Every structure is written in structure tokens, then in C-alpha cells.
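Me: I'd like to go through this one with you and check what the labels rest on. Here it is.

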Amino acid sequence: MTTNEAAWLAVEEAPPERERLWRRLMASRSGRWGVILTAVVLGLGLLAAIGATPYDPISQRPIDRMQGPSAAYLFGTDQFGRDILSRSMAGVATSLQVAIVAVIISAVLGTTFGILSGFFGSRVRGPVNALTNILFAFPPLLLALALASVATRNWFTVAVAIAIVYIPIFVRVTRAPVLSLREADFIKAARVLGFPSQRILFRHLLPNIMPIVIVQVTLSMSWAVLTAAALSYLGLGTPPPTPALGSMVFEAKNLVAIAPWTMVAPGLVLIMFIVGLNLLGDGLRDALDPRNESHS
Amino acid sequence: MITSKRIARTVAEATVTLLGVAVLVFVMLRVLPGDQITASLGIEAGMMTEAQLDALRAYYGIDQPLVVQFLGWLTEVASGNLGFSQRTGQSVLEMTASSLPVTLELAILATLLGVLLGVPLGMLSASRPNSRRDGGAQLIGLAALSIPSFLLGALLLTLLARILRYNPNAMGFARPLEDLGLNLQQMMLPAIVLGFALAAPIMRTTRSAILEVKSQDFVRTAIGKGVSPLRVQVRHVLHNSLVPIVTMTGIQFGYLLGGAVVVEQIFSVPGIGRQFLIGMQQKEYAVVQSTVLVIALLFLIVNLLTDLLYRIIDPRVRTG
């Protein structure tokens, strides 16, 4: 190994900056609140995922129907006697499942297309551009709606529908920085050293656009949760009896005159979830922006 | 200036995109389980003989190869025939002629509210960054970004109906020419819900654009020359921040044309989003296909107009 190559390999190692990032994130108000809110909602969802809800979110208890908030039922029960808190927790788990899978699919595919179309010339860029233009010609919710009603509906098809809508956003967000990075000296140097494209793409380019991808992932999570909820509100989300936050709000809307508490828990959890993710995204953006280095 | 070559290229690009949209929608609908026959006859379709089903398929034209069906549809659309609804017998062109103005009215009102709320909020928070004022404005922006419109809509609707017994949307929809007063009352709540959501991106864009412009030399020069603060704010800072604000507003307006589905549904506003949703639920191929095509076309036109608009606002873009 030549000394030159050793120097470049040293550059490839990620600096121990994770700790610094965390400190900077927690130093900003939005970052701190984002972490707290997201952690609380994630905690509720994870508890539901392992079955640790106060009551079974699906089984019906007709004797206890339409009960107001009490010590036994913190947020009351619905028209079938199901505990609203347990159902909201299970709803969080459902949206998490949909949102995480949707964002992973769109982030991986979108970033890959974005990097490839930025790095390789017009032969890749042309078709990718045309495809993103087509997907961008739909208002996002409309496209998700149309896609979600295709095929047998379950949580996975809903996730794929949302993923397809967000792929072009990842393409656009990652392509621009790749276009300018392509001309950067360290990439040129890597080329001169004869590194294969694969290695340049994954070890030199990808780490440099990671901050952008991370921020986009966080913000997309909040959109995905929102879209999943809107779909389930319209009756096109994860099908019943699985609790979903959107369909809970829909049911509560018709009950609100006699049982206003039915809307409180699902609405509150949904807002906390989205506010938390948005704040976390903002906090991460500031923490990852090298221009803010001096502030912390 | 905008050259004719540029316009030709933009139109060509838009045509390719529209064609892609058409293909995508067509393919998507054909993957749907169940066809028009089961959708219109329901369970009875199962009691028919194979020969009867074949006859119906031939009648609806869905026995043809997909490519033939697609080209047939495209030729019809090009000649202005958007198809008919199986259920009501109404042509999609008629349906769209009745639903599109409703959505346009709603989108214009919502955008107006969004700009009226978002731009001043953005200016307010940019006037003293990181102050309490900035924090408050950003908090409102965060709420606008995070409260789902279906939740806000459902809350407003039920609260007003319950406490004030006020629910103009429960009455039949009034067109502005029939009863402008009732029409505006019916449009108010959905426009507020959509406008509130719209204010968030507009506010954020305004804030960052103004912060960017404010730090530039020509603003300092203007202040140094003794230009009044209000004039500096409006004539120098806001004017030069308009391009991103107009772009963001244009994009959001475009989204509203099809993306107001949920709010139209909640408030029973018979707009184009609802036309799409009902078509989707009843598997009316013709209605859904043509509605989506119309929405995509509008979206492209709005984006094109936005593009033109900021060329007018910012002379530098014209030559650039």
C-alpha cells in the first residue's frame, strides 16, 4: 500500500463525530423536544408492539361501552367497549410499521437513483428525470390514494403506496449535492487513484450526502405518518380490526356529540408524533449543518 | 426574454409527462381486483354464465387487449371525450365542468388565507431571529405543519355544530351564483383548514428568504441612505425575497387542486378531489382515469405559470 493510498483510506474512516452530533442536537430547543416527544411516542408504540397495552385493543367489552375517562380507562372507551388508550397505542404501532417500511423503501431507492443519476451522465439522468417528473405531476395524497386502492389492501401495500410517492423527493434531494460533489477535488483524486466507481459512490459520495438523507428521512417519517393517517381516515389505510389513528379519528368524529373523549387520545398521539418528528428533523438539520459549527 | 424555443421544449416535456401519467393511471387501474362488471352488478355478477359475462365485457370494451384499450381511450380523450360515468350516465366532462370551479374557488380562498397568514408570520419571525417573537411565530408554523387537516377539519366541524349549532355544510351545496352568502359560509371552514396547513411552508420559506436577503449589502446601503424602515422592509427586502415565496405558493396551490380530497370529503364540498374519490370507490375506470389526467394537467399548467410569474418578478431569471 502506498503512502498516498493510506492517506486516502484514513479519510474514508468516519471521524468519531456521533457524540458531538448528539450534544449539538440536545443543545438546541427543537432538537431536545423532538427527541423527547419522539421517544415518548415510540415508547408507546413499542409497548403496544410487544402486547403491553392496558387492555386488548381489539376485543370488545359491551358492558363497558362509551365510558368516559376514569381510573380504569384513562382515555375512556369507544362504542364497542374497547379501551381508547390501548387502541391509540396499537395505532401508533401500526403507523410506525407503515411509516418505517415506507421511508426505508423510498430512502434506499430514491437515494440510489439520485446518486446514480447525479454521478453518471445523461444516459441515467434522462429516464430517472422523466420518471420523477411523472410522479411529481400528481399531488402526493392523490397518488397514494390511487396506489393504496390497488390490489389487496394490507399494511404493506399501504406502505408501498406511500413509498412510491416519496421516492422522487429523495431523488431530487440527493442528486443536487452529488452533481456538485462529483467535481470536488477529493472525488477527482479518488478517480485518479483508480478506485472503482462502486467504491467512490459508497465510501466517498454516500457519507458526504448522509446528513441530507438523515434529515430527509426524519421529515419523510412525519409525512408518512400523516399520509397513512389520512388514508386510514378515508377508509383506505390498514384495514380493520387493526387499530389505526386515522380511522379512530373518523369514528370519533361521529361520536363526538355524545362521547367527545373518543377523539382526544388518537388526536393527541398523532399530533405529538408529527410534531416530534418535525422538531427532530429541524434539530438534526441544524446539528448536521457545518455552517452552525461555531454556534455550539 | 422567454424564447419560443424554450416554450416549445417546456410544452414537449409537459406532453411526455402527461403521457406518462396516462400510462401509469391506466396500468394501475387494470391491476385493481374486480372489474367494471363486478363493480356495477355486485354479487349478481357471480350468478351470470360465462357467455353473459363475455357479452358484458365486449359491451364495456374490456375484452380488448390492453394496448388497444389504452389507445382507444387516448384517442377519445384527445377528441374531447373524457368518458361517461356508468352509474349516473353523466359525462366526465360535465362532471368536471361542475366540480372543477368548486375546487378552484376553494384553492384560491385557501391560498389567499395561507399567504395572508404565512407571509406576515414569516416576516415577523425574520425581523428578529431567535427572539421570543420568532419562537412564537415558529410555534404557529409548527402547529400548521403538524396538525393533520382531517383532524383540524373534524374538530372544527363537530365543535361548531355542537356548541354553536352552526353547520352550513350540512345543507345542500350552494353555488356562488345561486347563493353567494351560503356558498362563502360553506367554503369558509374548508378554506381555513387548508389555508392553515398552507401557511406553514409559506411562513418557513418567507422567513429563510428574508433572512438571506436582509444580510446583503444593498439592504445595508438602503438603511444607510436613510430610507424609512418600512420602505426597506417592503420595497427592498420583501421584493427581493419574492421568488422563493411565489414558487412555494405556486407549488402548494397546485397540490390543492387534487390534494384537497380529504378536506372536500369532510366538508362535503363537491370538488374534483371528491369526484376522484367517489370514482375510486365505485371503480369507475373512466371517471378516475380522466379525473386524474385533468388534475395532472392542471398541476403542470400551474407549475408552468409559476415559472412564468417569477420571470416577471425577477428580471435576472429572464436572461439567466
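Reply: First, a definition: two residues are in contact if their C-beta atoms, placed from the backbone, lie within 7 Å. By that rule the contact takes 31 residues from chain A and 34 residues from chain B. This is a predicted model, where local features need pLDDT of at least 70, side-chain atom pairs count only at pLDDT 80 or more, and totals for chains, interfaces and linings use all residues. Residues are numbered from 1 along each chain as its sequence is written, while chains are lettered from A and ligands numbered from 1 in the order in which they are written.

Me: Why are α11(A) and α6(B) called oblique to each other?

Reply: Helix α11 (residues 261-288) of chain A and helix α6 (residues 132-146) of chain B pack at about 120°, axes 9 Å apart. Under 35 degrees would be roughly parallel, over 145 roughly antiparallel, 65 to 115 roughly perpendicular, and the rest is oblique. So oblique it is for α11(A) and α6(B).

Me: Which residues of α11(A) and α6(B) meet?

Reply: A:I271, A:I274, A:V275 and A:N278 meet B:L142, B:L145 and B:S146.

Me: Where is the kink in α7(A)?

Reply: At A:V165, shortly before the proline A:P168, with a bend of about 35° (the angle between axes fitted to the seven residues ending there and the seven starting there).

How values were computed:
Axes fitted to C-alpha atoms, helices over the stretch in contact; angles between N-to-C directions. Helix = DSSP H or I, 4+ residues; strand = E, 2+ residues; numbered from the N terminus.
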